[in-house]
Amino acid sequence: MTNHTVFRQLIVSLFFVIFSVSSFAARETIFSDNFESGDTTVWNSTVFGGVISLSVNNAAAINGAFGMNVTIGSPGAFSQVFVQSDSPLTETNYHASFLIDTNILSVPNGDVLGILRGLDVSDNRVFDVALTSSSGQLNLIAHVLDDADAVNTTSPVVLGSGSHTVEVKWEAATSDGGNDGRFRLLLDGSLVATVSNLNNDLDTIDDVRLGAFPDSLSSAAGGDYYLDLFDSWREVPDEVIPSLSEWGMILMLLLIVGSAFFTLRRNSNPVSHI
Ligand SMILES: [Ca+2]
Ligand SMILES: [Ca+2]
Ligand SMILES: [Ca+2]
């Protein structure tokens with residue numbers, strides 16, 4: 001191995017060591033449920049509803065054997081149905097993901113049907129994810145509120161048939177006047193909407209609800225949809241103590257660096273190795 005090759009190997013290894021050490025970000029689970037208990041008892045509260053109803057059954061399973069089934073019944077006085085987790089604790093960054101399959105859901109053009117809602121300590125909406133439709137296709141949108149309760153609405157993105165992963169990343173602004181709050185919406189792992197420069201330092205997430213929020217739903221809506229594999233977490237940056245696998249990666253890279261140094265030294269002093 002030439003000195004040039006070894007030197008290049010050394011630089012690449014050092015780069016990866018520095019990169020891996022600097023990229024630690026702990027993901028702390030806040031609450032998750034795959035509905036495999038066959039009911040909603042792990043949630044803090046459930047509103048099962050009437051015209052719109054909520055149940056946990058096998059037909060609604062997207063992952064595992066059970067999922068949550070929301071059915072929009074015959075037209076009537078629509079009211080919210082949801083499961084609620086109180087686990088978020090005045091979160092300043094809140095991440096949630098879930099699976100959705102809209103199955104045979106029909107949402108008329110112009111209607112809005114909320115499916116996920118992040119709430120503050122007073123149960124006021126801070127963000128939501130909702131379904132709309134246009135040209136016969138279901139779309140995903142999100143609403144994000146700021147300190148003045150001004151609503152930012154993201155552009156509709158086509159959801160498509162079958163099951164999908166929806167993820168939200170909500171971050172409060174770091175200070176009053178900082179206006180650096182941010183909201184991101186991901187569909188099947190791809191970023192589909194971002195709301196930046198939010199003046200939302202007064203907001204935190206303290207409860208989350210998953211289900212149906214028929215704030216603007218006409219009587220022509222109907223059918224059902226499935227929700228499953230809910231997960232939520234906070235991200236804690238710059239974790240001081242790396243995990244076991246991260247230690248393994250660091251040790252491996254240090255060994256590569258060490259062997260490169262050894263080779264460099266041997267190449268520079270070949271006589272002593274004859
Ligand atoms: Ca499940
Ligand atoms: Ca709470
Ligand atoms: Ca503010």
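## Strands, core and selected residues in a predicted model

Asp-33 is found in strand β1 (residues 25-33); strands (E, at least two residues) and helices (H or I, at least four residues) are DSSP runs, numbered from the N terminus. This is a predicted model, in which local features need pLDDT of at least 70 and side-chain atom pairs count only at pLDDT 80 or more, while totals for chains, interfaces and linings use all residues. Residues are numbered from 1 along each chain as its sequence is written, and chains are lettered from A and ligands numbered from 1 in the order in which they are written.

**Overall make-up**

The protein has 16 strands and two helices. Of its 274 residues, 35% count as buried. A residue is buried if 20 or more other C-beta atoms lie within 10 Å of its own, exposed if 12 or fewer, and partly exposed in between, with C-beta atoms placed from the backbone. Two residues are in contact if their C-beta atoms, placed from the backbone in the same way, lie within 7 Å. Among contacts between residues at least 6 apart in sequence, 70% join residues at least 24 apart.

**The nonpolar core**

A nonpolar core is a set of buried Ala, Val, Leu, Ile, Met, Phe, Trp, Tyr and Cys residues joined through C-beta atoms within 7 Å. The largest such core has 61 residues, and the members that touch the most others are Met-68, Phe-98, Ile-115, Val-129, Ala-142, Leu-210 and Leu-227. Strand β9 (residues 137-145) gives the most to this core, with six residues. In soluble globular proteins, nonpolar side chains tend to be buried together.

Seven of the nine residues of strand β6 (residues 93-101) are buried, so the strand is mostly covered. It pairs with two other strands; two strands pair if DSSP finds at least two bridges between them. With strand β12 (residues 163-171), β6 runs antiparallel over nine bridges, and Phe-98 stands opposite Val-166 there. With strand β16 (residues 223-237), β6 is joined by six bridges, again antiparallel, and Leu-99 faces Asp-228 across that pairing.

Which residues does Phe-98 touch, not counting those up to four places away in sequence? They are Leu-116, Val-166, Leu-210, Leu-227, Asp-228, Leu-229 and Phe-230.

**Asp-33**

Is Asp-33 buried or exposed? Asp-33 counts as buried because it has 22 C-beta neighbours inside 10 Å. Leaving aside neighbours within four places in sequence, Asp-33 is in contact with Val-42, Trp-43 and Phe-230. Asp-33 and Phe-98 themselves are 65 residues apart in sequence, and their C-alpha atoms are 9.4 Å apart in space.

Strand β5 (residues 81-85) is mostly covered, with four of its five residues buried. It pairs in the antiparallel sense with strand β2 (residues 45-47) over three bridges, where Thr-46 stands opposite Val-83. The pairing of β5 with strand β15 (residues 207-216) is also antiparallel and has five bridges; here Ser-85 stands opposite Val-208.

Gly-49 lies in the loop between β2 and β3 (52-57). Although it is in a loop, Gly-49 is buried, because 21 other C-beta atoms lie within 10 Å. Apart from neighbours within four places in sequence, Gly-49 contacts Leu-54, Ser-79 and Val-81. Gly-49 and Thr-71 are 22 residues apart in sequence and 9.9 Å apart in space, C-alpha to C-alpha.

Strand β13 (residues 181-187) and strand β14 (residues 190-198) run antiparallel and are joined by six bridges. Leu-186 has Leu-191 in β14 as its bridge partner. The hairpin has two residues between the strands, and Asp-188 takes a positive phi near 50° in it.

Asn-179, in the loop between β12 and β13, also has a positive phi near 50° in a residue other than glycine. Asn-179 is partly exposed, because 16 other C-beta atoms lie within 10 Å, whereas Asp-188 is exposed, with 12.

| Residue | Other C-beta atoms within 10 Å | Class |
|---|---|---|
| Gly-49 | 21 C-beta atoms | buried |
| Asn-179 | 16 C-beta atoms | partly exposed |
| Asp-188 | 12 C-beta atoms | exposed |
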